[in-house]
Amino acid sequence: MRTVYVNGEYLPEDQAKVSIFDRGFLMADGVYEVTSVLDGKLIAFDGHAERLTRSMNELDMRAPATTEELLEIHRELVRLNDIKDGLIYLQVTRGSDGDRDFAFPDPDTTAPSLVLFTQSKPGLADNPAARDGIRVISIEDIRWGRRDIKTVQLLYPSMGKMMAKKAGVEDAWMVEDGFVTEGTSNNAYIVKDGKIVTRETSSDILHGITRKAVLELAREAQMQVEERNFTIEEAQQADEAFVTSASAFVTPVVEIDGTKIGSGTPGKLAPRLREIYLEEMRKTAI
């Protein structure tokens with residue numbers, strides 16, 4: 001049984017509780033982060049902590065702990081649950097003032113809720129999907145307009161995952177006004193003539209922590225990067241495609257809407273980027 005963290009306490013998971021009036025439960029009024037663990041160490045923790053702060057600030061949400069305190073909680077959960085490879089999920093909500101109301105509770109009298117738990121994922125960096133690639137379908141992007149805030153409003157991405165599952169593939173890329181925004185839980189890329197193409201950051205997509213690191217490492221490796229919109233049709237004609245996320249790292253995409261990308265197998269660039277990324281993240285893990 002896992003030990004989890006709830007509002008200042010480390011508890012067995014079957015004893016963890018939050019109020020039924022918590023705004024995360026009633027209003028999806030919360031934000032979250034997922035930090036990967038490799039070899040018992042945290043990957044890109046600082047980036048996740050910075051994005052969490054940004055998300056809370058954008059929603060006028062009171063921070064429940066300092067970055068240093070959050071780091072200590074992460075490390076203690078890794079220790080208590082003996083996590084070698086896996087994930088740590090963190091969620092902050094606006095808390096509960098004991099009833100339901102559309103208006104925000106007074107932050108001076110209502111403390112935010114802070115919950116963390118671990119997920120053990122042995123061999124996280126050796127996922128077969130990285131070797132074989134994944135297949136995706138395209139779906140309409142009908143999410144709210146502030147996708148740059150990492151909120152717990154994940155109903156449509158969950159529906160997208162289920163649409164992909166029903167179609168017999170692994171994921172879905174969302175399309176708005178004719179252009180790809182991102183995957184259901186990842187950022188999307190194509191490669192053409194050696195150039196990496198991905199949508200630029202805005203309120204249309206999540207500002208991926210892995211995305212930022214991968215693009216920086218790609219540029220350091222003298223790879224060409226172009227941040228612009230692209231269509232599904234352009235993606236289908238690309239030489240390669242891939243996604244990035246905190247848990248998938250860099251994973252090739254080999255098929256979009258039934259059309260094979262390139263040869264239908266992972267190319268050379270995405271696996272090389274994954275190798276570079278994992279090497280750097282292991283060196284800088286804390």
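Which residue takes a positive phi in the hairpin of β14 and β15? In this predicted model, the residue is Asp257, with a phi near 50°.

**Strand β14 and its neighbours**

- Strand β14 spans residues 249-256 and is mostly covered, as eight of its eight residues are buried.
- Strand β7, residues 134-140, runs parallel to β14 and is joined to that strand by three bridges. Within this pairing, Ile134 has Val253 of β14 as its bridge partner.
- Strand β13, residues 240-245, runs antiparallel to β14, and five bridges join the two. Here Phe242 stands opposite Pro252 of β14.

**The hairpins**

- A hairpin of three residues leads from β13 to β14.
- Strand β15, residues 259-260, pairs with β14 in the antiparallel sense over two bridges. In this pairing, Ile256 stands opposite Thr259 of β15.
- The hairpin of β14 and β15 has two residues between the strands, and Asp257 with its positive phi belongs to this hairpin.

**Helices α6 and α8**

- Two packed helices are described by the angle between their axes and the distance between the axes.
- Helix α6 (residues 209-220) packs against helix α8 (residues 269-284) at an angle of about 110°, and their axes are 10 Å apart. Because angles of 65 to 115 degrees count as roughly perpendicular, α6 is roughly perpendicular to α8.
- From α6, the contact is made by Thr210, Ala213, Val214, Leu217 and Ala218; from α8, Leu273, Ile276, Tyr277, Glu280 and Met281 take part.
- The residues of this contact divide into eight nonpolar, one polar and one charged.

How values were computed
Residues are numbered from 1 along each chain as its sequence is written. This is a predicted model: local features need pLDDT of at least 70, side-chain atom pairs count only at pLDDT 80 or more; totals for chains, interfaces and linings use all residues. Side-chain values use heavy atoms; hydrogens and water are left out. Axes are lines fitted to C-alpha atoms, for helices over the stretch in contact, and angles run from 0 to 180 degrees between N-to-C directions. Helices (H or I, at least four residues) and strands (E, at least two) are DSSP runs, numbered from the N terminus. Angles under 35 degrees count as roughly parallel, over 145 as roughly antiparallel, 65 to 115 as roughly perpendicular and the rest as oblique. Contact means heavy atoms within 4.5 Å. Ala, Val, Leu, Ile, Met, Phe, Trp, Tyr, Cys and Pro count as nonpolar, Asp, Glu, Lys and Arg as charged, and the others, Gly among them, as polar. Buried means under 20% relative accessible area, exposed over 50%, partly exposed in between (1.4 Å probe, protein chains only). Two strands pair if DSSP finds at least two bridges between them.
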